[in-house]
Structure formats: structure tokens, C-alpha cells
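This report looks at one helix and its surroundings, and then turns to a pocket. Please keep the sequence and the structure at hand while reading.

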Amino acid sequence: MKYGEFENVEMTAAQVEKLVARFGKDTNRRIEQLSAYLAAKGRRYKSHYAVILMWANRDAAWKPTDPG
């Protein structure tokens with residue numbers, strides 16, 4: 001199935017269910033973020049589900065440093 005504003009994020013219903021179980025209400029924001037990125041950059045990925053998980057792991061690992 002295709003998801004996102006630009007209908008360019010391809011995942012199975014089972015993959016979306018896994019995202020909802022992991023991210024809850026934030027799932028839609030993550031899908032929309034990928035949809036906009038794909039539309040803007042023209043990138044192609046084998047698994048959009050994997051990209052969302054990869055971005056989530058990257059975001060969790062990034063911690064801003066204390067500027068003070």
C-alpha cells in the first residue's frame with residue numbers, strides 16, 4: 001500500500017502496524033517526513049519501513065551537546 005501526502009511511501013499493512021506499536025501517534029509524522037523527503041530528493045529505497053527505523057535509530061543516538 002502507498003502512504004503519505006505524496007502517496008510514495010510503500011509498506012505493507014503489517015509494517016505499518018509494527019510502526020504504530022513502536023511509535024504510536026508519532027507514526028504518521030514519520031511517514032509524512034519520509035514522503036516529503038522522497039518527493040523532494042527523488043531518492044529510491046528498497047524498504048521504506050527500514051528507512052523509518054534507521055532514521056528513528058539515528059535520531060535516538062543524536063544527543064545535542066550542552067553549549068554552556
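## The end of helix H2

Which residue just after H2 takes a positive phi? In this predicted model, that residue is Gly 42, with a phi of about 70°.

## The buried side of H2

Thr 27, Arg 30, Ile 31, Leu 34, Ser 35 and Leu 38 are the buried residues of H2. They cover an arc of only 135° around the axis, which means that they lie on the same side of H2. An α-helix has 3.6 residues a turn, so residues three or four places apart point the same way.

The partners against which the buried residues of H2 pack are strand E1 (2–3), strand E2 (9–10), helix H1 (13–23) and helix H3 (48–61).

## Ser 35 and its contacts

Ser 35, which lies in helix H2, counts as buried because its relative accessibility is 0%. When residues up to four places away in sequence are not counted, Ser 35 touches Tyr 3, Gly 4, Glu 5, Phe 6, Glu 7, Asn 8 and Val 9.

## The largest pocket

The largest pocket has a volume of about 170 Å³, and its lining is made up of Asn 8, Glu 10, Leu 38, Arg 43, Arg 44, Tyr 45, Lys 46, Ser 47 and His 48. Sorted by class, this lining holds 4 charged, 3 polar and 2 nonpolar residues. Leu 38, one of the lining residues, is also one of the buried residues of H2, while Asn 8, another of the lining residues, is among the residues that Ser 35 touches.

Technical notes. Residues numbered from 1 in each chain as written. Predicted model: local features only at pLDDT ≥ 70, side-chain atom pairs only at ≥ 80, totals over all residues. Heavy atoms only, no water. Buried < 20%, exposed > 50% of the residue type's maximum accessible area, 1.4 Å probe, protein only. Helix = DSSP H or I, 4+ residues; strand = E, 2+ residues; numbered from the N terminus. Arc of directions from axis to C-beta. Contact = heavy atoms within 4.5 Å. 1 Å grid on protein atoms, 1.4 Å probe; cavity = no way out; pocket = protein on both sides within 12 Å on 5 of 7 lines; lining within 4 Å. Points joined across faces, edges and corners; volume = space filled by probe spheres on them. Nonpolar A, V, L, I, M, F, W, Y, C, P; charged D, E, K, R; others polar.
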